[in-house]
Every structure is written in structure tokens, then in C-alpha cells.
Amino acid sequence: MMNQLHQQEQYQKGDWVKGKSVHDELIHGYVESVNNYLGTIKVFVLECDNPETVGKVIETFQNRISQLEEPNFEQDESFLLNLIEVALITKDKEWFMELSAQLKELRNESEEVVPC
């Protein structure tokens with residue numbers, strides 16, 4: 001079993017992931033914590049085919065999850081605002097500050113482009 005764990009992807013807090021819960025629900029969210037010893041991962045669920053799971057932290061096995069590329073925040077202000085709301089809900093001050101700085105930068109860039 002230990003050999004299997006070394007072959008799995010190494011996840012870190014904040015990684016974007018998709019996969020299945022232990023109840024076979026399709027989930028999409030980000031990593032809250034990883035337990036490499038047990039081969040499990042806790043995911044804050046942003047999307048799920050079971051609406052009751054959305055907004056909760058669930059634990060599933062790492063082999064049921066795959067890593068996603070990090071979204072490009074500069075492209076979508078509404079997505080960034082949604083992430084800021086998630087940071088507030090989870091009381092993650094560091095992430096909130098990072099997202100707020102990105103939003104400020106995005107808004108400053110959009111003000112620089114003035115149509116004729």
C-alpha cells in the first residue's frame with residue numbers, strides 16, 4: 001500500500017481538484033487538507049451533483065481525485081468575486097487578501113482601457 005501512495009499525485013492545500021466522493025458523487029472544489037498516511041484528501045466542494053454537498057468539506061480517497069489547472073482569475077471578475085465569498089465563508093484571511101489584491105489589479109487594468 002505504501003508503494004501505491006508514492007505513485008499518486010501529491011496534493012497541496014488550495015489545489016483545484018475534481019473527482020468522486022466515497023458516495024460516488026461527482027465533486028469539484030479545492031483541497032483543504034491531505035492525509036498521505038491514509039491516502040485521503042479533504043475537499044471544499046464548490047460543485048456537486050448532490051446539492052446538499054455543495055459548500056461542505058468532504059473526505060475521500062486520493063485515488064478518486066484528479067488535479068485541475070488553476071483557473072485564470074484575471075479573465076473573469078465574477079468568478080473572482082465568488083472565490084472572495086468562499087474565502088470569507090471559510091474565514092481564510094490570507095486567501096481573501098490575495099483574491100482582493102487580484103480583483104483590485106483587474107479593475108485597475110479595465111479602467112486603463114477606455115473606448116473611443
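Visitor: Which way do strand 3 and strand 4 run, and how many bridges join them?
Guide: Strand 3 and strand 4 run antiparallel, with five bridges joining them. Two strands pair here if DSSP finds at least two bridges between them. Strands are DSSP runs of E with at least two residues, helices are runs of H or I with at least four, and both are numbered from the N terminus.

Visitor: What stands opposite I41?
Guide: That's T60, in strand 4.

Visitor: Before we go on, what kind of model is this?
Guide: This is a predicted model, where local features need pLDDT of at least 70 and side-chain atom pairs count only at pLDDT 80 or more, while totals for chains, interfaces and linings use all residues. Residues are numbered from 1 along each chain as its sequence is written, and side-chain values use heavy atoms, with hydrogens and water left out.

Visitor: Okay, how many helices and strands are in the protein chain?
Guide: The protein chain has three helices and five strands. Starting at the N terminus, the order is α-β-β-β-β-β-α-α.

Visitor: In what order do the five strands sit in the sheet?
Guide: The order is 4-3-2-1-5, in an open sheet with antiparallel pairing. Strand 4 (57-61) and strand 5 (65-67) are the edge strands, each pairing on one side only.

Visitor: And how many degrees does the twist average?
Guide: From one strand to the next, the twist averages 45 degrees. For that, axes are lines fitted to C-alpha atoms (for helices, over the stretch in contact), and angles run from 0 to 180 degrees between N-to-C directions.

Visitor: How many bridges do strand 2 and strand 3 pair over?
Guide: Eight bridges, in the antiparallel sense, between strand 2 (residues 26-35) and strand 3 (residues 40-48). You can pick out V31 opposite V43, and N35 opposite T40. The two strands form a hairpin with four residues between them, and G39 in the turn has a positive phi of about 75 degrees.

Visitor: Which residue has a positive phi although it is not a glycine?
Guide: D24 is one of them, with a phi of about 65 degrees. D24 sits in the loop between strand 1 and strand 2. K91 also has a positive phi, near 60 degrees, and is a residue other than glycine. Look for K91 in the loop between helix 2 and helix 3 (93-112).

Visitor: Why does K91 count as exposed?
Guide: K91 counts as exposed because its relative accessibility is 75%. Exposed means over 50% relative accessible area, buried means under 20%, and partly exposed is in between, using a 1.4 Å probe and protein chains only. D24, at 49%, therefore counts as partly exposed.

Visitor: New topic: how many aromatic pairs are there in the whole structure?
Guide: A search of the whole structure finds four. Rings of Phe, Tyr and Trp (its six-membered ring) pair if their centres lie within 6.5 Å; planes under 30 degrees apart count as stacked, over 60 as edge-to-face and the rest as tilted. Take W16 and F79: the ring centres are 6.3 Å apart and the planes are at 40 degrees, so the pair is tilted.

Visitor: Where do W16 and F79 lie?
Guide: W16 is in strand 1 (residues 16-20) and F79 is in helix 2 (residues 77-89), so the pair ties together parts that are 63 residues apart in sequence. W16 counts as buried at 5% relative accessibility, whereas F79 is partly exposed at 29%.

Visitor: Which residues are in the largest nonpolar core?
Guide: There are eleven: W16, Y30, F44, L80, L83, I84, V86, A87, W95, L99 and L103. A nonpolar core is a set of buried Ala, Val, Leu, Ile, Met, Phe, Trp, Tyr and Cys residues joined through side-chain atoms within 4.5 Å. Helix 2 gives the most to this core, with five residues. A second, separate core of ten residues includes Y11, I27, I41 and V43.

Visitor: What is V86 in contact with, leaving aside its neighbours within four places in sequence?
Guide: V86 is in contact with Y30, F44, L46 and W95, where contact means heavy atoms within 4.5 Å.

Visitor: And F96, where is that one found?
Guide: F96 is in helix 3. With its neighbours within four places in sequence left out, F96 is in contact with I84, A87 and L88. The C-alpha atoms of F96 and I84 are separated by 5.8 Å.
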